[in-house]
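Please read the following briefing alongside the sequence and the coordinates. The points are grouped by topic, so that each can be checked against the structure in turn.

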Amino acid sequence: MRKLPQFLKEYFWDVEFEKIDLEKRRVYVLRRILDYGDETAVSWLRKNFTESEIKNILLKFRGLSLKSANFWAVILDVSKRKVKCLQKPYLEIRNQFWPY
């Protein structure tokens, strides 16, 4: 079981940090840091995940905030039309429940 470095603990406030297995929960860890991580966390992320793994999150998962999704699409040169959470059907559903 690969453990996460202690400095990432603040990004996993809702789970038992010590029990997170990086190998089993790669997508969860990646999504959380993409959404909330600071410069140090993102630097660690880019050393431990491939660019294709990061792009895969944008293309297949809707859980990122709109702000984070837009940012990472620009940084990774991914078309915003392909980013899952920026697609029109998802945005319409999202606005029904959180119109702000």
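Not counting residues up to four places away in sequence, I57 touches V27, L30, R31, L34 and L64. The model is a predicted one, and in it I57 belongs to helix 3, which spans residues 51–60. I57 counts as buried because its relative accessibility is 1%, where the cut-off for burial is under 20%.

**Overall make-up**
- The chain contains five helices and zero strands, and its elements, read from the N terminus, follow the order α-α-α-α-α.
- Of the 100 residues in the chain, 35% are buried, while the accessible surface of the chain is about 6800 Å², with carbon and sulfur atoms accounting for 52% of that surface.
- Among the contacts in the chain with a separation of 6 or more, 37% are between residues 24 or more positions apart.

**The nonpolar core**
- The largest nonpolar core has 29 residues, and those that touch the most other members are L4, L8, F12, V29 and W44.
- Two or more residues of this core come from each of helix 1, helix 2 (39–48), helix 3 and helix 4 (66–75), and helix 1 gives the most, with five residues.
- L4, leaving aside its neighbours within four places in sequence, is in contact with F12, F17, I20, L22, V29 and W44.
- In soluble globular proteins, nonpolar side chains tend to be buried together.

- D35, which is found in helix 1 (residues 26–36), is buried and yet has no salt bridge, the nearest side chain of opposite charge being that of R32, at 6.9 Å.
- Apart from neighbours within four places in sequence, the residues in contact with D35 are G63, L64, S65 and S68.
- D21 lies in the segment before helix 1 and is likewise buried without a salt bridge, with K24 as the nearest side chain of opposite charge, 4.3 Å away.
- A polar atom of the D21 side chain does, however, lie 3.0 Å from the backbone nitrogen of E23.

**Salt bridges**
- The count of salt bridges comes to six, and one of them joins R2 to E23, with their closest N and O atoms 3.0 Å apart.
- This pair links distant parts of the chain, for although R2 and E23 both lie in the segment before helix 1, they are 21 residues apart.
- Both partners are partly exposed, R2 with a relative accessibility of 38% and E23 with a relative accessible area of 42%.
- K19 and E16 form another salt bridge through their side chains, at 3.4 Å from N to O; here K19 is exposed, because its relative accessible area is 58%, and E16 is exposed as well, at 52% relative accessibility.
- A further salt bridge connects the side chains of K55 and E51, at 3.3 Å from N to O, and these two residues both lie in helix 3, four residues apart, which is about one turn of the helix.
- K55 is partly exposed, with a relative accessible area of 25%, and E51 also counts as partly exposed, at 41% relative accessibility.

Methods:
Residues are numbered from 1 along each chain as its sequence is written. This is a predicted model: local features need pLDDT of at least 70, side-chain atom pairs count only at pLDDT 80 or more; totals for chains, interfaces and linings use all residues. Side-chain values use heavy atoms; hydrogens and water are left out. Buried means under 20% relative accessible area, exposed over 50%, partly exposed in between (1.4 Å probe, protein chains only). Contact means heavy atoms within 4.5 Å. Accessible areas come from the Shrake-Rupley method with a 1.4 Å probe; for residues, only the protein chains shown count as cover. Lys and Arg count as positive and Asp and Glu as negative; His and the chain ends are not counted. A salt bridge is a side-chain nitrogen of Lys or Arg within 4 Å of a carboxyl oxygen of Asp or Glu. A polar contact is a pair of N or O atoms within 3.5 Å; within protein, one must be able to donate a hydrogen and the other to accept it, and residues adjacent in sequence count only if both atoms are side-chain atoms. A nonpolar core is a set of buried Ala, Val, Leu, Ile, Met, Phe, Trp, Tyr and Cys residues joined through side-chain atoms within 4.5 Å.
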